[in-house]
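Me: I'm new to this one. Can you walk me through it in short answers?
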Amino acid sequence: MYNFEYRNPVKVIFGKDTIPKVADEIPTNAKILLTYGGGSIKRTGVYEQVINALKPIEVLEFGGIEVNPHYETCMKAVEFVKTEKIDFLLSVGGGSVLDATKFIAAAALYKNGDPWNILSKRGNEEVQEALPIGAVLTLPATGSEMNGNAVITKYSTLEKMAFSSPKVMPQFSILDPECIFTLPDKQVANGIIDAFIHVIEQYLTFDVNSPIQDRFAESILTTLIEEGPKVLANRKDYESAANFMWSATMALNGLIATGVPQDWATHMIGHELTAFHGIDHARTLAIVLPGIMDIKRDNKKGKLLQYGQRIWGITSGTEDEKIDAAISKTVEFFESLGLPTTLKDYDVPNETIAKIKIRFEERGGKLGEKADIDFNEVEEILISRM
Ligand code: NZQ
Ligand code: ZN
């Protein structure tokens, strides 16, 4: 196992009827901005629960944060934060609202010119300070509720970029699994797959003799495979909803990444498909991952065989046959939840592959746990998914 340092300061408040606890966590003397998305929180009753709990504290609001949140929208919020001298941000919604809120928190205090630098220079150095954030999470998927990551899209240039900084980790996150009851099938399926592939990015690499990390990762994968379909079949199955929600948080709160190599190529390539075609984040991952498993099968051989055996019970055949079977099982799982897995399914043309190749060439650098996936291999991976 590699050396590591790990600190996660997010206070998680988990369970049924926990949303009113937001009142105990908000600093009483703060001027609060509640951020939200397209209005689901008003339809589901979450907004009402939050506002009732916070009475009589004055709460200002900034709504209309879109899915795959736009830099342009966030910058409007930044102006509002500055004008109103806001000193606490409360995100109420899914990963998009929370990611936007993280960016707003950092951009509002950014002193080095255009806050897009936070994304183009990838965060950690750029974010010297940020406004404090709290979160009421309504959609399990991203893990944003317990990490310092955010992904923002610049609409004017169709660039989707991520940054990471401990300064934007929420002070608290409230996770009420009953929020899942109102999610459409598509968002549940997306959430299961996003969490599943977060684990894969931190597990399906190469062995560094870290069986405890492997077992943590495998426990999350197995739980998602077992509980995810139950949530889809019966949205009001509270116990499955709770296990799914906690799995999604555990998948990307830094714990399973400690001491092991990480990949993230699937995410980096997937972000480009969202940027160019607006395909939901998790759906891009379901397209790209099988290509990476196939083309990087030598790099990942040991872990692919372990994954196949421990997660899908694959024990017979040659090594290559076992890996093929592990990939097939993964694709079957994604498709069983309603996520198509090829570019053709989304009418993505060949020209997009060419554009993505150019982007990676221009940016330089290589992807993957061995930093050996260059722009030519990105193209190969995408062509394999046509
Ligand atoms: O916008 P509203 O009206 O709130 O509706 C949302 C949205 O339409 C709706 N929704 C949320 N909670 C609901 C609900 N509908 C009914 N009942 C509820 N309880 O669901 C739709 C999708 O919401 P969104 O926040 O976009 O989904 P998700 O949480 O999957 O977030 C996706 C974003 O997170 C980024 C993705 O790239 C994408 O931009 N990611 C963030 C990560 C992180 N911060 O660590 C890691 C991930 O890999 C990912 O990249
Ligand atoms: Zn993701």
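Reply: One term to begin with. A residue is buried under 20% relative accessible area, exposed over 50%, and partly exposed in between, using a 1.4 Å probe and protein chains only. This is a predicted model, where local features need pLDDT of at least 70, side-chain atom pairs count only at pLDDT 80 or more, and totals for chains, interfaces and linings use all residues. Residues are numbered from 1 along each chain as its sequence is written, chains are lettered from A and ligands numbered from 1 in the order in which they are written, and side-chain values use heavy atoms, leaving out hydrogens and water.

Me: Okay. Which residues are the protein donors of the zinc ion?
Reply: Asp 194 gives an OD atom, while His 198, His 267 and His 281 each give NE2. They lie 2.0 to 2.1 Å from the zinc ion, which is ligand 2. Donors here are N, O and S atoms within 2.8 Å of the metal (3.2 Å for Na, K and Ca); water is not among the atoms, so sites may look incomplete.

Me: How are those donor residues spaced in sequence?
Reply: The pattern is D-x3-H-x68-H-x13-H.

Me: What separates Asp 194 and His 198 in helix 7?
Reply: About one helical turn, because they are four residues apart in helix 7 (residues 185–203). Helices (H or I, at least four residues) and strands (E, at least two) are DSSP runs, numbered from the N terminus.

Me: And are Asp 194 and His 198 buried or exposed?
Reply: Both Asp 194 and His 198 are buried.

Me: Now ligand 1. How many residues surround it?
Reply: 31 residues do, and the closest are Ser 40, Gly 95, Ser 96, Lys 160 and His 198. To count, a residue needs a heavy atom within 4 Å of the molecule.

Me: Switching topic. How many salt bridges does a search of the whole structure find?
Reply: It finds 23. The cut-off is a side-chain nitrogen of Lys or Arg within 4 Å of a carboxyl oxygen of Asp or Glu.

Me: Give me some.
Reply: Glu 84 and Lys 31 form one, at 3.2 Å from N to O. This pair joins distant parts of the chain, 53 residues apart: Glu 84 is in the loop between helix 4 (71–83) and strand 4 (88–93), and Lys 31 in the loop between helix 1 (22–25) and strand 2 (32–35). Glu 84 counts as partly exposed because its relative accessibility is 26%. Lys 111 also pairs with Glu 129, with the closest N and O atoms 2.5 Å apart. Lys 111 is exposed at 66%, while Glu 129 is partly exposed at 34%.

Me: Which residues are linked in a network of salt bridges?
Reply: Asp 294, Arg 297, Asp 320 and Asp 324.

Me: What about Lys 102, which has no salt bridge: buried or exposed?
Reply: Lys 102 is buried, and the nearest side chain of opposite charge, Asp 99, is 4.5 Å away. Lys and Arg count as positive, Asp and Glu as negative; His and the chain ends are not counted. Lys 102 sits in helix 5 (residues 95–107).

Me: So what does its side chain reach at 2.8 Å?
Reply: The side chain of Lys 102 reaches the backbone oxygen of Ser 144. Lys 102 also touches other residues, among them Ile 133, Phe 163 and Pro 170. Touching means heavy atoms within 4.5 Å, and residues up to four places away in sequence are left out.

How values were computed
A polar contact is a pair of N or O atoms within 3.5 Å; within protein, one must be able to donate a hydrogen and the other to accept it, and residues adjacent in sequence count only if both atoms are side-chain atoms.
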